[in-house]
Amino acid sequence: MKTLGIDPGTAIMGFGLVTDSERSLKALEFGCIRTTKENLPHERLRILYEKLGKLLKELRPDCIAIERLFFATNSKTAISVGEARGVALLAAARAKVVVAEYTPLQVKLAITGYGKADKNQVGQMVKNLLKLEEVPKPDDTADALAIAICHLHSYHII
């Protein structure tokens with residue numbers, strides 16, 4: 001099963017395609033979609049939507065796992081992340097791909113066994129679980145891979 005993990009954001013949207021191959025996990029593709037502050041907010045959302053739509057056509061995931069929005073103390077950040085999530089959910093619906101959602105706590109617990117793990121711990125576990133040479137950068141990419149792994153573990157695929 002090929003799962004595309006998405007860590008939503010308007011400046012950087014991380015993505016990571018993970019599959020269960022011969023009873024182990026394998027990263028097939030990962031990276032991030034970037035927008036700049038020079039883009040107006042609605043342009044940033046259009047860019048994310050178009051690039052994610054193109055990725056979905058190219059990668060053809062069986063499902064998408066996306067981070068569920070959690071309460072944030074910075075409402076401006078929460079709103080922009082919510083908008084990016086909406087764009088990702090719309091792109092998934094248009095591509096007719098099943099979506100699963102996970103909170104940051106669920107992802108950290110699935111990856112490290114500790115719900116309050118920091119970004120470094122999550123990155124190191126992603127590196128180890130996927131047998132990568134280094135921790136994927138930026139953090140948004142490692143987080144997206146972690147979300148995909150969480151989904152695969154949650155559905156007992158491996």
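Biologist: How do the residues of the lining of the second largest pocket divide into nonpolar, polar and charged?
Modeller: In this predicted model, five of them are nonpolar, four are polar and four are charged, where Ala, Val, Leu, Ile, Met, Phe, Trp, Tyr, Cys and Pro count as nonpolar, Asp, Glu, Lys and Arg as charged, and the others, Gly among them, as polar. Residues are numbered from 1 along each chain as its sequence is written, and side-chain values use heavy atoms, with hydrogens and water left out. Local features need pLDDT of at least 70 and side-chain atom pairs count only at pLDDT 80 or more, while totals for chains, interfaces and linings use all residues.

Biologist: Which residues lie nearest the centre of that second largest pocket?
Modeller: Of the 13 residues that line the second largest pocket, Thr10, Ala11, Arg44, Lys76 and Ser80 lie nearest its centre. A pocket here is an open set of points on a 1 Å grid over the protein atoms alone, where a 1.4 Å probe fits and protein stands on both sides within 12 Å along at least five of seven lines, and a lining residue has an atom within 4 Å of a point.

Biologist: And which helix gives the most to the lining of the second largest pocket?
Modeller: That is H2, which contributes five residues to the lining, and both H1 and H2 supply at least two residues each. Helices (H or I, at least four residues) and strands (E, at least two) are DSSP runs, numbered from the N terminus.

Biologist: You named threonine 10, so where does threonine 10 lie?
Modeller: Threonine 10 sits in the loop between S1 and S2, and with a relative accessibility of 13% it counts as buried, since buried means under 20% relative accessible area, exposed over 50% and partly exposed in between, with a 1.4 Å probe and protein chains only.

Biologist: What does threonine 10 touch, leaving out residues up to four places away in sequence?
Modeller: Threonine 10 touches Thr35, Arg44, Leu45, Leu48, Ser80 and Ala84, where contact means heavy atoms within 4.5 Å.

Biologist: Changing topic, in what order do the five strands form the sheet?
Modeller: The sheet is open, with the strands in the order S3-S2-S1-S4-S5 and mixed pairing, and two strands pair if DSSP finds at least two bridges between them. Strand S3 (24–34) and strand S5 (98–102) stand at the edges with a single partner strand each, so one side of each has no neighbour in the sheet.

Biologist: How many bridges join S1 to S2?
Modeller: Six bridges join S1 to S2, and these two strands run antiparallel, with threonine 3 opposite valine 18 in S2. A hairpin of four residues links S1 to S2. On S1 as a whole, five of its six residues are buried, so the rest of the structure largely encloses this strand.

Biologist: What about S4, in which sense do S1 and S4 pair?
Modeller: S1 and S4 pair in the parallel sense over four bridges, and leucine 4 stands opposite isoleucine 64 in S4. Isoleucine 64 also has valine 99 as its bridge partner in S5, and S4 (residues 63–67) pairs with S5 in the parallel sense over five bridges.
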